[in-house]
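Here is a short tour of one protein model. Keep the structure open as you read.

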Amino acid sequence: MQIEVRQGRVELAEDEALLLNSLEEVKRFVGVFKTVDQKLSGALSHLFETGDFTGKTGQTAVLYPGEKLRFGKVILVGLGRRDQITIEGVRRAFGFAGRKVRELKVKSISVQAFESGLAGVKLAESSQAMVEGILLSHYRLDRYKTDAESKPPALLKLTFWKEKRKGIGDIKKGVTSGEIYSWATSFSRDLANRPGNYLTPTRLAEEATKLARENKLKCTVLSEPEIKKLKMNTFLAVASGSKEPPKLIILEYVPVRKRADTLALVGKGITFDAGGLSLKSTEGMLEMKTDMTGGAVVLATVAACAKMRLPIRVIGVVPATENLPSGTALKVGDIITSHSGKTVEVLNTDAEGRLILADGLSYARSFEPDAIVDVATLTGTIKLALGTLCAGLFGNHRGLKAQMVKAGELSGERVWDMPLWKEYDEFLKSDLADVKNVGGRFGGSILAAKFLQNFVGDLPWLHLDIAGVDVKEKDDSYHSKGATGFGARLLLQFLKDWKKM
Ligand code: BES
Ligand code: ZN
Ligand code: ZN
């Protein structure tokens with residue numbers, strides 16, 4: 001898709017459709033609204049007068065100007081009340097607009113950009129959100145469809161118009177970020193949506209290698225003998241039930257400036273989670289091809305950092321394996337010595353994410369990062385605790401957590417701060433080993449995070465439990481049914497603003 005930013009009057013553009021965003025309670029038409037209304041003999045005023053379109057967030061309406069304008073269609077999109085407008089509101093509104101554009105099979109659109117920042121939303125931010133809304137609403141995975149009918153023509157051209165020169169630079173910046181952020185989310189959705197038979201650990205590693213080639217990153221893929229040499233035994237224990245070989249993927253972005261601050265990202269890369277010998281039900285397994293969303297998000301984020309040329313060093317670590325039952329599988333009661341040297345008693349093989357992350361986190365420490373962030377579809381319980389609208393945020397560093405909360409607000413991928421009090425350690429005490437991997441019925445997400453904390457030491461660390469937000473059950477604005485790719489835009493925003501503390 002080609003995206004341009006141009007100075008001039010949007011009504012003079014020549015595209016299939018004109019996208020006009022409108023605030024609620026508009027009293028008087030000015031600028032492009034006035035021109036369009038006049039040309040259409042008051043059709044726009046009429047639309048508002050009837051109350052069929054009020055400008056509420058997410059509302060859309062379509063007008064067909066015939067010969068009177070150069071556009072075949074005018075699509076109106078509501079942005080809600082001026083004093084209540086938020087970045088996420090703009091993103092959602094343009095998600096709905098994008099859906100309309102897709103439904104009408106429009107291939108080129110002109111969009112009227114804001115003329116200035118709004119209260120609480122800067123010009124660059126609103127432009128970025130518009131791009132994200134439109135691009136992400138066009139996301140779909142159609143590689144497994146064989147009939148042309150299921151592959152509608154894509155939107156090819158998007159032009160932003162602004163009348164005055166001032167602020168064009170901000171819009172351009174916002175558009176570029178919007179394209180990169182949307183790429184990261186779509187890339188993550190694509191991998192997460194791929195079924196387990198297509199996206200094996202080997203294939204995931206190939207995707208990382210490809211990203212490295214395209215974005216000039218360093219990529220190392222370690223296979224079983226090397227993983228064994230590193231003594232990453234809790235990772236290998238999970239892999240032992242599967243015929244597909246595990247891979248340890250390390251993707252690294254180094255900025256031009258040497259001696260940059262370093263952040264390590266660790267992502268859960270379970271390409272299919274059957275539960276192991278603690279087997280899930282069929283229903284419980286339905287979502288489990290997306291159990292590598294954390295890994296996909298980490299790979300996408302590292303690549304996007306390179307695209308954005310961020311001045312920090314970012315290392316992505318993704319332990320990738322399946323979790324299957326078999327005659328060679330990890331057993332309930334097994335005791336494993338992890339990469340860190342700590343011993344783990346495995347009392348439920350379905351709590352496998354924390355086992356591979358324990359080794360992933362402890363291995364990531366060998367790069368001596370300034371901070372470490374992990375992302376994982378870790379516990380079903382987080383969905384019970386927080387629902388499907390935000391991820392669980394855990395961590396050992398108050399300032400770093402605050403930075404992540406802020407990134408959540410800006411990116412629309414919100415997080416909620418959860419406790420990690422030391423009193424919870426009690427529940428993970430094992431009779432025989434240093435820790436056990438599960439700890440009773442209550443507070444499951446906290447205990448999972450507590451388990452991980454054993455492997456990060458004193459390093460500033462954040463853990464994102466995205467099990468409640470990684471899949472949508474139906475289309476909604478800029479989300480389509482299936483994988484959300486939650487975390488890519490969040491981490492990118494976090495890294496863009498990251499201040500070492
Ligand atoms: N991958 C699952 C968590 C999950 C559940 C993600 C639902 C998305 C939707 C994880 O490996 C798991 O099975 N966790 C168990 C832990 C339990 C055995 C302590 C869970 O949440 O039930
Ligand atoms: Zn599991
Ligand atoms: Zn899992």
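## The largest cavity

Asp-370, Ala-371, His-397, Leu-400, Pro-460, Trp-498, Lys-500 and Met-501 line the largest cavity. A cavity is found on a 1 Å grid over the protein atoms alone: it is a set of points where a 1.4 Å probe fits but cannot get out, and lining residues have an atom within 4 Å of a point. Its volume is about 50 Å³. That volume is the space filled by probe spheres set on the grid points, which are joined across faces, edges and corners.

Five lining residues are nonpolar, one is polar and two are charged. Here Ala, Val, Leu, Ile, Met, Phe, Trp, Tyr, Cys and Pro count as nonpolar, Asp, Glu, Lys and Arg as charged, and the others, Gly among them, as polar.

## How the model is read

This is a predicted model, in which local features need pLDDT of at least 70, side-chain atom pairs count only at pLDDT 80 or more, and totals for chains, interfaces and linings use all residues. Residues are numbered from 1 along each chain as its sequence is written, chains are lettered from A and ligands numbered from 1 in the order in which they are written, and side-chain values use heavy atoms, with hydrogens and water left out.

## The second cavity

The structure holds two cavities of 30 Å³ or more. Six of the lining residues are nonpolar, five are polar and none is charged.

## Two zinc ions

Asp-273 bridges the zinc ions, ligand 2 and ligand 3, which lie 3.2 Å apart. Ligand 2 is coordinated by Asp-273 (OD), Asp-350 (O), Asp-350 (OD) and Glu-352 (OE), at 2.0 to 2.2 Å. Donors are N, O and S atoms within 2.8 Å of the metal (3.2 Å for Na, K and Ca); water is not among the atoms, so sites may look incomplete. The zinc ion ligand 3 is coordinated by Lys-268 (NZ), Asp-273 (OD), Asp-291 (OD) and Glu-352 (OE), at 2.0 to 2.4 Å.

Each zinc ion has six donor atoms. The site of ligand 2 is irregular, with angles of 71 to 168°. The site of ligand 3 is octahedral, with angles of 77 to 173°.

## Around ligand 1

Ligand 1 has 16 residues around it, and Asp-273, Lys-280, Asp-350, Glu-352 and Gly-380 come nearest. Near means that a heavy atom of the residue lies within 4 Å. The shell has four nonpolar, four polar and eight charged residues.

An oxygen atom of ligand 1 is 2.8 Å from an N or O atom in the side chain of Lys-280. A polar side-chain atom of Glu-352 also lies 2.8 Å from an oxygen atom of ligand 1.

Technical notes:
A polar contact is a pair of N or O atoms within 3.5 Å; within protein, one must be able to donate a hydrogen and the other to accept it, and residues adjacent in sequence count only if both atoms are side-chain atoms. On a 1 Å grid over the protein atoms alone, a cavity is a set of points where a 1.4 Å probe fits but cannot get out, and a pocket is an open set with protein on both sides within 12 Å along at least five of seven lines; lining residues have an atom within 4 Å of a point. Four donors count as tetrahedral if all angles lie between 85 and 135 degrees; four count as square planar and six as octahedral if opposite donors are over 155 degrees apart and all others between 65 and 115; anything else is irregular.
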